[in-house]
Amino acid sequence: MEMIKPPAEILYERELRALREEPQGLRPASWLLSPVQVRDFIIGREQPALLDGEQVEITRKFYGNDIQIERAVVTLAGNRGLMLVGDPGTAKTMLSELLSAAISGTSTNTIQGTAGTTEDMIKYSWNYAMLLDKGPSEQALVPAPLYNGMKKGILTRFEEITRCPAEAQDSLISILSDKVLSIPELDGGVLFAKPGFNVIATANVRDKGVNEMSSALKRRFNFETIRPVDNLKMEARIIESQARSLLIHSGIEIEIDTDVVELLATTFMELRTGMTREGYKIDSPQAVMSTAEAVSVYVQSAMTSYYYENKGVSLDRLVQNMLGTIAKENDKDLAVLRTYFSKVVKDRAQEDGIWKEYYREKKWIN
């Protein structure tokens with residue numbers, strides 16, 4: 001079956017199968033992989049795994065603090081939930097998906113937090129036709145992701161938990177503490193969580209409309225702050241690999257231009273940090289200049305060039321698509337980009353070929 005965005009368990013199915021066939025060593029109850037294998041699946045390793053007599057490379061999928069990944073894996077084997085917090089675009093969701101796919105074999109048991117999320121979307125609801133016909137019964141109960149996680153002994157992902165109202169968030173407190181879900185509508189209705197159940201939540205620290213978590217709920221989680229990439233080569237590598245994957249899944253097979261990728265990574269990192277590679281301070285926009293946004297700019301530019309000019313990514317399309325990212329929070333941020341081109345890009349255009357071409361596209365920044 002064709003999918004626009006295959007989940008991690010399908011995208012990396014061969015790697016996961018190969019790891020499961022290895023000797024696993026120490027492994028928590030109901031986990032499909034050992035903590036060592038989960039770590040290796042996420043950050044990669046040099047030694048390939050064997051599957052049906054063939055070598056399968058275990059690739060790096062998350063670029064960041066490797067020790068932090070080890071802590072996150074161990075947290076999920078314990079009594080507390082795992083909370084991944086950080087700026088937008090720091091791959092919190094991707095890490096949550098990878099952890100769930102490796103540990104439970106599925107990453108789709110997910111609650112998407114919004115301002116409209118209610119307790120029944122988290123725990124369970126009812127088939128009201130059956131409820132009216134025969135009264136409360138297990139057959140009339142419609143399980144939500146938390147119920148499924150407890151019943152099957154798998155991880156439950158809770159994306160953007162702080163977007164939910166406080167009362168919806170706090171419905172997790174007793175479950176994370178006691179691993180028991182009370183179903184008062186059923187006579188003696190109690191669901192005890194099976195081994196393997198836990199919760200991975202993500203929270204965005206910059207978005208507007210965020211509801212502060214209660215202290216009681218915070219105590220039920222171990223927090224890991226996922227920070228932006230601070231290495232230019234690593235950021236370029238992420239943009240290249242992610243853009244290639246997204247373009248292939250969009251049916252577009254074109255070569256990734258590594259020079260354009262490095263140029264884009266440099267622009268985003270300098271605007272994000274407010275510092276050029278030469279050591280000069282510059283203004284930063286209010287917009288989130290994350291690696292994920294850089295990937296989006298490259299993919300959109302490549303798709304635009306592909307469909308309208310039938311060629312690889314061009315710098316004019318790159319600048320055009322960058323404008324939407326920069327002006328997402330405030331139109332005044334375009335002045336920051338204009339200044340960046342007028343000073344930083346202009347200076348580099350004196351001697352570097354691609355930066356000279358890049359500077360010519362300043363005409364698109366009004």
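1. A definition is needed at the outset: an angle between axes under 35 degrees counts as roughly parallel, over 145 as roughly antiparallel, 65 to 115 as roughly perpendicular, and the rest as oblique. The axes of H12 and H14 cross at roughly 45 degrees and come within 9 Å. H12 and H14 are therefore oblique to each other.

2. The model under discussion is a predicted one. The protein has 17 helices and eleven strands. Along the principal axes, its C-alpha atoms fill a box of roughly 75 × 50 × 40 Å. Of the 366 residues in the protein, 48% are buried. Among contacts with a separation of 6 or more, 70% are accounted for by residues 24 or more positions apart.

3. On the H12 side, Glu-235, Ile-238, Ile-239, Gln-242, Ala-243, Leu-246 and Leu-247 take part, and they meet Thr-291, Ala-294, Val-295, Tyr-298, Val-299, Ala-302 and Met-303 in H14. By class, the residues of this contact divide into eleven nonpolar, two polar and one charged.

4. Helix H14 (residues 291-309) also packs with helix H13 (residues 258-273): their axes come within 10 Å and cross at roughly 140 degrees. H13 is therefore oblique to H14. The crossing in which H13 passes H14 is right-handed. H13 contributes Val-260, Val-261, Leu-264, Phe-268 and Arg-272 to the contact, while H14 contributes Thr-291, Glu-293, Ala-294, Val-297 and Tyr-298. The contact of H13 with H14 comprises seven nonpolar, one polar and two charged residues.

5. Does the length of H14 agree or disagree with its residue count? At 1.5 Å a residue, the 19 residues of H14 should span 27 Å, and the end C-alpha atoms are 26 Å apart, which agrees. After H14 comes Asn-310, which has a positive phi, near 55 degrees.

6. Which residues of H14 are buried? They are Thr-291, Glu-293, Ala-294, Val-295, Val-297, Tyr-298, Val-299, Ser-301, Ala-302, Thr-304 and Ser-305. The cover over the buried residues of H14 includes helix H12 (232-249), H13 and helix H15 (315-326).

7. Because buried means under 20% relative accessible area, Glu-293, at 18%, is buried. With its neighbours within four places in sequence set aside, Glu-293 is in contact with Phe-268, Val-288, Thr-325 and Lys-328. Between Glu-293 and Ala-216 there are 34 Å in space, C-alpha to C-alpha, and the two are 77 residues apart in sequence.

8. H3 passes H4 in a right-handed crossing. The residues in contact are Pro-35, Val-38, Arg-39, Ile-42 and Ile-43 of H3, together with Asp-66, Ile-69, Glu-70 and Val-73 of H4. They divide into six nonpolar, no polar and three charged.

Terms used:
Residues are numbered from 1 along each chain as its sequence is written. This is a predicted model: local features need pLDDT of at least 70, side-chain atom pairs count only at pLDDT 80 or more; totals for chains, interfaces and linings use all residues. Side-chain values use heavy atoms; hydrogens and water are left out. Axes are lines fitted to C-alpha atoms, for helices over the stretch in contact, and angles run from 0 to 180 degrees between N-to-C directions. Helices (H or I, at least four residues) and strands (E, at least two) are DSSP runs, numbered from the N terminus. A crossing is left-handed if the near helix is turned anticlockwise from the far one by less than a right angle, and right-handed if clockwise. Contact means heavy atoms within 4.5 Å. Ala, Val, Leu, Ile, Met, Phe, Trp, Tyr, Cys and Pro count as nonpolar, Asp, Glu, Lys and Arg as charged, and the others, Gly among them, as polar. The expected span of a helix is 1.5 Å times one less than its number of residues. Buried means under 20% relative accessible area, exposed over 50%, partly exposed in between (1.4 Å probe, protein chains only).
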